[in-house]
Amino acid sequence: MLNMLARAVGFSNYQSWRATQESVPAVAEPARAELGTSAAHKAVARLVRYYDREGRLTHWPRKRSWQVPCLWLIAEHIPIGAVLSEPQVNALISARHTFGDYALIRRDLVMLGALGRTPDGREYWRNPQAAPEEVGVLQRALAEAR
């Protein structure tokens with residue numbers, strides 16, 4: 001029912017409407033201005049607004065190109081080489097965001113290839129892949145904002 005109401009006012013679903021209602025500027029403008037002018041820095045300037053002061057994702061970006069660096073930043077907090085159960089992965093993911101949809105992030109991490117899992121979904125592990133340049137820039141920007 002909530003999805004139908006959200007669609008009636010022009011949003012794709014209830015979660016996207018809720019994300020726009022709860023968005024609060026989390027990082028001061030001077031920190032955004034100091035990011036620089038390269039392509040990675042410009043991308044990060046857009047992404048910083050999706051994080052709070054503790055470095056947690058406050059709402060899910062709509063564009064896939066903005067979601068990917070956010071996913072890699074979450075994946076950076078999952079240990080490489082450890083085989084984890086689904087509840088353990090959910091706990092690690094939940095610690096890195098505030099909007100409460102760890103299943104969305106877990107599925108996207110698997111689709112991105114940052115996480116691997118068994119066919120039955122009982123065990124997960126982090127695949128050792130290099131994150132894009134934007135992730136390092138995003139980490140530095142969030143650290144400066146603290």
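Two strands pair if DSSP finds at least two bridges between them. This criterion is applied below to a predicted model.

**Exercise 1. Determine how strands β1, β2 and β3 are arranged in the sheet.**

Solution. 
Step 1. Take strand β2, residues 115–117: 3 bridges join β2 to β3, and the two run antiparallel. With at least two bridges required, β2 and β3 count as a pair.
Step 2. Turn to strand β1, residues 84–85, which is joined to β3 by 2 bridges, again antiparallel.
Step 3. Identify partners in β3: E123 is the bridge partner of S85, and Y124 is that of R117.
Step 4. Assemble the order. The 3 strands form an open sheet, β1-β3-β2, with antiparallel pairing. Because β1 and β2 stand at the edges with a single partner strand each, one side of each is left without a neighbour in the sheet.

**Exercise 2. State how many residues lie between β2 and β3 in their hairpin, and which turn residue has a positive phi.**

Solution. 
Step 1. The hairpin of β2 and β3 has 5 residues between the strands.
Step 2. In the turn, G121 has a positive phi of about 75°.

**Exercise 3. Assign the residues of β3 to a covered and an uncovered face.**

Solution. 
Step 1. In a regular strand, side chains alternate between the two faces of the sheet.
Step 2. For β3, residues 123–126, the covered face holds Y124 and R126.
Step 3. The uncovered face of β3 holds E123 and W125.

**Exercise 4. Decide whether R106 is buried or exposed, and describe its surroundings.**

Solution. 
Step 1. Locate the residue: R106 belongs to helix α7, residues 102–112.
Step 2. Apply the cut-off of under 20% relative accessible area for a buried residue. R106 has a relative accessible area of 10%, and is therefore buried.
Step 3. List the contacts of R106, leaving aside neighbours within four places in sequence: E86, V89, N90, I93 and Y124.
Step 4. Inspect the side chains: a polar contact of 3.4 Å joins R106 and E86.

**Exercise 5. Classify the aromatic pair formed by W60 and F99.**

Solution. 
Step 1. The structure holds 2 aromatic pairs. One of them, W60 and F99, has a distance of 6.2 Å centre to centre and an angle of 45° between the planes, and is tilted.
Step 2. Check accessibility: W60 and F99 are both buried.

Conventions:
Residues numbered from 1 in each chain as written. Predicted model: local features only at pLDDT ≥ 70, side-chain atom pairs only at ≥ 80, totals over all residues. Heavy atoms only, no water. Buried < 20%, exposed > 50% of the residue type's maximum accessible area, 1.4 Å probe, protein only. Helix = DSSP H or I, 4+ residues; strand = E, 2+ residues; numbered from the N terminus. Polar contact = N/O pair within 3.5 Å; in protein donor to acceptor, adjacent residues only side chain to side chain. Contact = heavy atoms within 4.5 Å. Phe/Tyr/Trp six-rings, centres within 6.5 Å; stacked < 30°, edge-to-face > 60°.
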